[in-house]
Amino acid sequence: MVRSSCLLFRKYGNFIDNLRLFTKGGSGGMGYPRLGGEGGKGGDVWVVAEKKMTLKQLKDKYPHKRFVAGEGANSRVSALKGSKGKDCEIPVPVGISVTDEHGKIIGELNNEKDKVLVAKGGLGGKLLTNFLPLKGQKQIIHLDLKLIADVGLVGFPNAGKSSLLSRVSHAKPVIADYVFTTLKPELGKIMYHDFKQISVADLPGLIEGAHLNRGMGHKFLKHLERTKQLLFVVDISGFRLSPQTEYRTAFQTIILLTKELELYDEELQTKPALLAVNKMDVPGARDKFQELMHQLQNPEDFQHLFDKNMIPQKTLKFQHIIPVSAITGEGIEELKDCVRESLDEQANQENSASHEKQLLNLRLSNAISYAGVLRPTQFQQARLRRLYHRLLRSLLSVLLTGSSSVVHFLRLHGQHTD
C-alpha cells in the first residue's frame, strides 16, 4: 500500500498547471548630456504561446523562475541614440491565462504565437529625465493553464472515463480497477473517416464536495471552462467511493455532478451536454437503463431522494443519451457520431449568431453613414456661414444708403413690397 501511494504521488507531481514567475523589464541606457544624446530603452518581457510546450518544461529549463530583459545601450559620440535592450520571451503552452499577484488578468493566450506584455523596459536617459535612465518594471505573474478541448469528460471516479477515451481516440491513459486512476488531465482526439478531428479532455474524477477542494477533481474543474461541450460519463450500476460512503445510483450520480458544476461555476451549466451511460455489459444493465431514462424524463418526481442542498437549481437537458460499453465497444460509434453532430449543430448556431451580428453592425454603419450625408459637412457649414455674413453686410450697406436701395435689394432677392 505504501509503495502504491508513492507511485501515485510521483505521477501526480509530474503535471503542472500553474506557475509563479518573477519578471523585470530592462533598465534604460545613459543619456549624453553634452551632445543631447538619448539612451536606449530597456527591453520588455513577453509571454509567448508555443504549441509544443508545457509548464513542466518551462520550470525544468528555468528553475529559478526569473526573467529579466536586456538593458538599453548608453548614448555615445558614435551613436547618440542608444539601441533598445533585448526583449525577453517566456515560452508557455497554449491555453495560458496570465494574472498579476492580485489576481487581475493581464492576458490570455488561446492560440499559438499569441503574446502578452508583462514587464515594460525603462526609458533611456534623455532631457526629460535629466539624461538619467529609468529602471524597468518589476512584476510577479502567475501562469494558469486551462486546457482547450472540444469536449470535456465529467464523472465520478471509476466511471470508466479513461477506458472510454481510449476507445474513442488514440490516447493511452492509465486504466485500472481502482478509483482515482486518472491523476492528471489526458487529451485525446477522435479521428473520423473524412479526417475530421475532435479533441477530448479526460479529467480526474470528481467526488461530492469537489467545489470545496475535496478529492482531486477540484484542481481540474477549471479545465472545463474552455471546453465547448460536456460529456457526462456515469456507471449504470452507480458509484460508491468507499464502504464508509453512501451508495449513489446512476441518476443520483448525474444530479450530484450537476450540483458540483453549479457550485463551482454556473456558466458550466450553459454548455451543451451529452450523457454516456457506461458499463452496459454488466448483468441487469438494460433494466437499470430503462429506469434511469424514466428518472431523467421526470427528475422532479425523484427529488425526495436528495437533501435540499444537493438539488441543483437547473437540471441539465442532455442533447443525446447513449448507452455504451468501453469493454465490448457497444455504442462507441454512435457516441462518436452524436458528439460530432452536437458540435456541428453548435458551430452552425454560433455561425448564424455571428452572421446576424455582422448584419446588424452593417445596418448600423449604413444608418450612421446615411445620417452623415443628411448633415452638412464642415466645409458646407463654413460656406453657408460665409454666405450668411456676405448677405448681412449687403443688407446693412443698403440700409445706410436709403429706402429706395432697400426696395431694390429686396427685389433682387425675390421679395415683393406692397
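Student: Hi! Which residues line the largest cavity?
Tutor: Hi there! In this predicted model, the largest cavity is lined by Val151, Leu153, Leu164, Val168, Ile190, Val200, Leu231, Leu335 and Val339.

Student: And how many of those are nonpolar, polar or charged?
Tutor: The lining has nine nonpolar residues, with no polar and no charged ones.

Student: Which elements supply at least two residues of that lining?
Tutor: Strand 9 (151-154), helix 3 (161-168) and helix 6 each do.

Student: How much space lies in there?
Tutor: About 60 Å³ lies in the largest cavity. The structure holds three cavities of 30 Å³ or more.

Student: You mentioned helix 6. Where is Ser342 found?
Tutor: Ser342 sits in helix 6, which runs over residues 332-374.

Student: Is Ser342 buried or exposed, and why?
Tutor: Ser342 is buried, because its relative accessibility is 1% and the cut-off for buried is under 20%.

Student: What is Ser342 in contact with, leaving aside its neighbours within four places in sequence?
Tutor: Ser342 is in contact with Gln229, Leu274, Gln319 and His320.

Student: Changing topic: which residues touch the most other members in the largest nonpolar core?
Tutor: Those are Leu224, Phe232, Leu261, Leu275, Val277 and Leu292, out of 33 residues in that core.

Student: Which elements give two or more residues to this core?
Tutor: Strand 12 (229-235), helix 4 (250-264), strand 13 (273-278) and helix 5 (285-297) do. Helix 4 gives the most, with seven residues.

Student: What does Leu261 touch, not counting residues up to four places away?
Tutor: Leu261 touches Val154, Leu221, Leu224, Leu230, Phe232, Glu266 and Leu268.

Student: What about a second core?
Tutor: There is a separate core of 24 residues, and it includes Met53, Ala69, Ala119 and Leu145.

Student: Let's zoom out. How many helices and strands does the protein have?
Tutor: The protein has eight helices and 14 strands.

Student: And what share of the protein is buried?
Tutor: Buried residues make up 42% of its 418 residues.

Student: Last one: what share of the contacts with a separation of 6 or more is between residues 24 or more positions apart?
Tutor: Those pairs account for 72% of such contacts.

Conventions:
Residues are numbered from 1 along each chain as its sequence is written. This is a predicted model: local features need pLDDT of at least 70, side-chain atom pairs count only at pLDDT 80 or more; totals for chains, interfaces and linings use all residues. Side-chain values use heavy atoms; hydrogens and water are left out. Helices (H or I, at least four residues) and strands (E, at least two) are DSSP runs, numbered from the N terminus. Buried means under 20% relative accessible area, exposed over 50%, partly exposed in between (1.4 Å probe, protein chains only). Contact means heavy atoms within 4.5 Å. On a 1 Å grid over the protein atoms alone, a cavity is a set of points where a 1.4 Å probe fits but cannot get out, and a pocket is an open set with protein on both sides within 12 Å along at least five of seven lines; lining residues have an atom within 4 Å of a point. Grid points are joined across faces, edges and corners, and a volume is the space filled by probe spheres set on the points. Ala, Val, Leu, Ile, Met, Phe, Trp, Tyr, Cys and Pro count as nonpolar, Asp, Glu, Lys and Arg as charged, and the others, Gly among them, as polar. A nonpolar core is a set of buried Ala, Val, Leu, Ile, Met, Phe, Trp, Tyr and Cys residues joined through side-chain atoms within 4.5 Å.
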